[in-house]
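I opened this model to take notes on its fold.

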Amino acid sequence: MKTFNIRNATSNDMAEVVALITELAVFENEPDAVEVSEANLIEHGFGSSPKFSCWVAERDKQIIGMALCYPRYSTWKGPTFHLEDLIVTKEERGKGVGKALYSTFIEHAHQQGVRRIEWVVLDWNTHAVDFYKNSGAEVLSDWRTVQMDKQAIQHYIERNEDI
């Protein structure tokens with residue numbers, strides 16, 4: 001029997017969402033990588049032009065998980081959604097919370113009529129990889145994630161000012 005509920009996050013939830021994001025960063029061996037703050041999430045998610053959607057899982061008025069996604073556009077498919085993070089507290093894993101958040105995200109995408117949803121998963125997180133494969137998702141091995149952090153962006157601009 002499900003003893004938790006999934007709901008749309010509110011700005012009042014963002015302190016707990018930051019805590020979950022930090023827990024995920026620790027799990028992914030990047031404990032010092034989180035730069036986003038509660039204020040950033042409130043501004044970016046609940047201001048005049050929201051940049052993301054977020055759902056929280058709640059048990060006894062305690063947030064035990066969250067999923068955060070944002071819209072993207074594919075030149076091949078049209079509107080898509082990217083699932084940025086799905087995290088459940090360590091104590092609550094294996095109790096259906098993650099699946100419920102995942103299902104909420106997929107239902108949201110379906111209701112919005114997008115043609116694709118996507119996300120990234122670390123190759124060493126075999127539990128998550130297996131979960132996604134078993135859900136019908138295809139885990140691509142031939143694509144690589146490419147990123148530039150703020151410093152790399154600045155360095156690139158400085159090196160290419162004549163462009």
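My entries follow in that order.

**Ground rules.** I am working with a predicted model, where local features need pLDDT of at least 70, side-chain atom pairs count only at pLDDT 80 or more, and totals for chains, interfaces and linings use all residues. Residues are numbered from 1 along each chain as its sequence is written, and side-chain values use heavy atoms, with hydrogens and water left out.

**Overall build.** I looked up the secondary structure and found five helices and five strands. Helices (H or I, at least four residues) and strands (E, at least two) are DSSP runs, numbered from the N terminus. The order from the N terminus is β-α-α-β-β-β-α-β-α-α. The radius of gyration is 17 Å, close to the 15 Å that the globule rule gives for 163 residues, so the protein is as compact as a globular protein of that length. That radius is taken over C-alpha atoms, and the rule is 2.2 Å times the number of residues to the power 0.38. Along the principal axes, I read a C-alpha trace of about 60 × 35 × 35 Å.

I then checked burial. Of the 163 residues, 32% count as buried, meaning under 20% relative accessible area (1.4 Å probe, protein chains only). Contacts are heavy atoms within 4.5 Å. Among those with a separation of 6 or more, 53% come from residues 24 or more positions apart.

**Helix H1.** H1 covers residues 14–27. Which residues of H1 are buried? I list Met14, Val17, Val18, Leu20, Ile21, Leu24 and Ala25. Asn29 follows H1, with a positive phi near 65°.

Strands pair if DSSP finds at least two bridges between them. E2 and E3 are antiparallel over seven bridges. Trp55 has Ala67 in E3 as its bridge partner. Their hairpin has two residues between the strands, and Asp60 there takes a positive phi near 50°. E3 and E4 also run antiparallel, joined by ten bridges. Leu68 has Asp85 in E4 as its bridge partner. The hairpin of E3 and E4 has three residues between the strands.

Conventions. The expected span of a helix is 1.5 Å times one less than its number of residues. Buried means under 20% relative accessible area, exposed over 50%, partly exposed in between (1.4 Å probe, protein chains only).
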